[in-house]
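Here is a walk through one protein model, taken piece by piece. Have the sequence and the coordinates open as you read.

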Amino acid sequence: MSSDEEFQGAQGSGRARGSGDRLRGGGRRRLLVGGDGDGGKDGGKDGGPAGTLAISPAQGARQVSPDQPVTVKADKAKVTAVTVADAKGRYKAEGALAPDGKSWRTTRPLRPATSYTVTARGTGDGGKQINATAAFTTLTPRKKLESGMSPLEGETVGVGMPVQLLLTQPVPTKAGKQAVERALEVRMSKPVEGAWYWISDKEVDFRPREYWPSGEKVKVVARLAGLKAGDGLWGMKDRTLTFTVGPRHITTINAETHRAKVTNGGSTERTMKVSLGKPGDDSYTGVMIAQEKAASMVMDSATTGDPGAYRIPTKWNVRMTYSGTFVHSAPWSTGSQGNSNVSHGCVNAAPDDAKWFFDFTNRGDIIEVTGTTRKLQFGNGPTPWAKSWTEWLKGSALGAPVTGTALN
């Protein structure tokens, strides 16, 4: 049996080996444990115990604030090892030992509503081993902050894809938003400059200053566990996301020439005849991204507030806006494609072209429409490129750009 196993076995009763008692000081209890199972006899040169380890929070503490540090302090001894973890070892707290070895403390907040056990080891006078343990529970928040992320884990995306952090509770204050931004890290294989922007109190997005470099590998780390984001509002768990940026696909669609030019890395892959929105149903002008793809769906005017105007099954749909703008197959308008705009706002293409475009496109690919009188509104889908870089920076609670850290 290793010394670590012996140490863990000694903690099986939930009590520390050696003599110990609880003291109150400054309103906080600490567990003091000394000696090496010998009651402190012959421990130090002065005839006292070999030393003590003081753990805070104390044994049995409840409703501990997640941002309260866990500390282990040594008297007549040095701290040699500390573990802070839940019963199943899933959540281990990060911590650091002081240079002089006299103390240890956590370096990040703990998870809320979690029971932790602290196990500490030290070396006292004369090389005596000192062991200590304490168990406590962190508070259960009144409001729990959970999160989701886009793109999907492991997805290959286009060069225009933003990172979206979606929150289950609003973060209404600037201080709360700043705390969230500080907890977010973007790691990149080719570090570039970017920034976060608060779309709403429940969504913050990241985009690079320019389009992502093709081939970029990205890892987003959201350290939200134990983060206080408002009154009674605590982050419940950390989240990570990894994705890869695919080829540089940029499609430009001109409503005046009725043509769509699809490029890959600067080279033209295909030019398609298209038909855009007719007068009164103009398509949006602006820089959009491919948001999602659906091989088949029903276009229903009821979703745009005009029930009964049309209800048409369509194929090879690539979404461009939340409000329902798609590039899709439109065999009924092939006679108009290339010469006039007759759609209800979508970009109509011939079936062969639409199928090719559907297969070619990744989520996050850039689709830029020009030549219409209707301007894309920011927020009508993930629309990070509807704002200039200067405007985007203004949406950061910290008001500063972020340069990605190197991806190891």
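This is a predicted model: local features need pLDDT of at least 70, side-chain atom pairs count only at pLDDT 80 or more; totals for chains, interfaces and linings use all residues.

Residues are numbered from 1 along each chain as its sequence is written, and side-chain values use heavy atoms, with hydrogens and water left out.

Let's start with the whole chain. It has four helices and 32 strands, where helices (H or I, at least four residues) and strands (E, at least two) are DSSP runs numbered from the N terminus. Of its 408 residues, 47% count as buried. Buried here means under 20% relative accessible area, exposed means over 50%, and partly exposed is in between, with a 1.4 Å probe and protein chains only. Now take the contacts (heavy atoms within 4.5 Å) with a separation of 6 or more: residues 24 or more positions apart account for 65% of them.

On to the strands, which pair if DSSP finds at least two bridges between them.

Elsewhere you'll find an open sheet of five strands with mixed pairing, in the order β12-β20-β17-β14-β32. Its edge strands, β12 (156-157) and β32 (405-406), each pair on one side only. Inside that order, β17 (residues 217-222) and β20 (residues 239-245) pair in the antiparallel sense over six bridges, and Val220 has Leu241 in β20 as its bridge partner.

Next, helix α2 (residues 174-182). Which of its residues are buried? They are Gly176, Lys177, Gln178, Ala179, Val180 and Glu181. What covers them includes β13 (163-167), β14 (184-188), β15 (193-200) and β18.

Now for the largest pocket, which holds about 610 Å³ of space. The search uses a 1 Å grid over the protein atoms alone, and a pocket is an open set of points where a 1.4 Å probe fits, with protein on both sides within 12 Å along at least five of seven lines; lining residues have an atom within 4 Å of a point. Grid points are joined across faces, edges and corners, and the volume is the space filled by probe spheres set on the points. The lining has 32 residues, of which Thr304, Tyr310, Gly324, His344 and Cys346 lie nearest the centre. The elements giving two or more residues to this lining are β25 (292-300), β26 (311-319) and β27 (326-329), and β25 gives the most, with four. By type, the lining residues divide into twelve nonpolar, 14 polar and six charged. In that scheme Ala, Val, Leu, Ile, Met, Phe, Trp, Tyr, Cys and Pro are nonpolar, Asp, Glu, Lys and Arg are charged, and the others, Gly among them, are polar.

Last, the salt bridges. Side chains of opposite charge can pair when their charged atoms come close. The rule here asks for a side-chain nitrogen of Lys or Arg within 4 Å of a carboxyl oxygen of Asp or Glu, and the count comes to twelve. One of them joins Arg142 and Asp231, with the closest N and O atoms 3.2 Å apart. Arg142 sits in the loop between β9 (129-137) and β10 (143-145) and Asp231 in the loop between β18 (228-230) and β19 (233-235), so this pair ties together parts that are 89 residues apart in sequence. Arg142 is exposed, at 60% relative accessible area, and Asp231 is exposed at 60% too.

Lys355 and Asp359 make another salt bridge, at 2.5 Å between the closest N and O atoms. Both lie in helix α3 (residues 351-360), four residues apart, about one turn of the helix. Lys355 is partly exposed at 31%, and Asp359 is partly exposed at 49%. Finally, Glu185, Arg187 and Arg223 are linked in a network of salt bridges.
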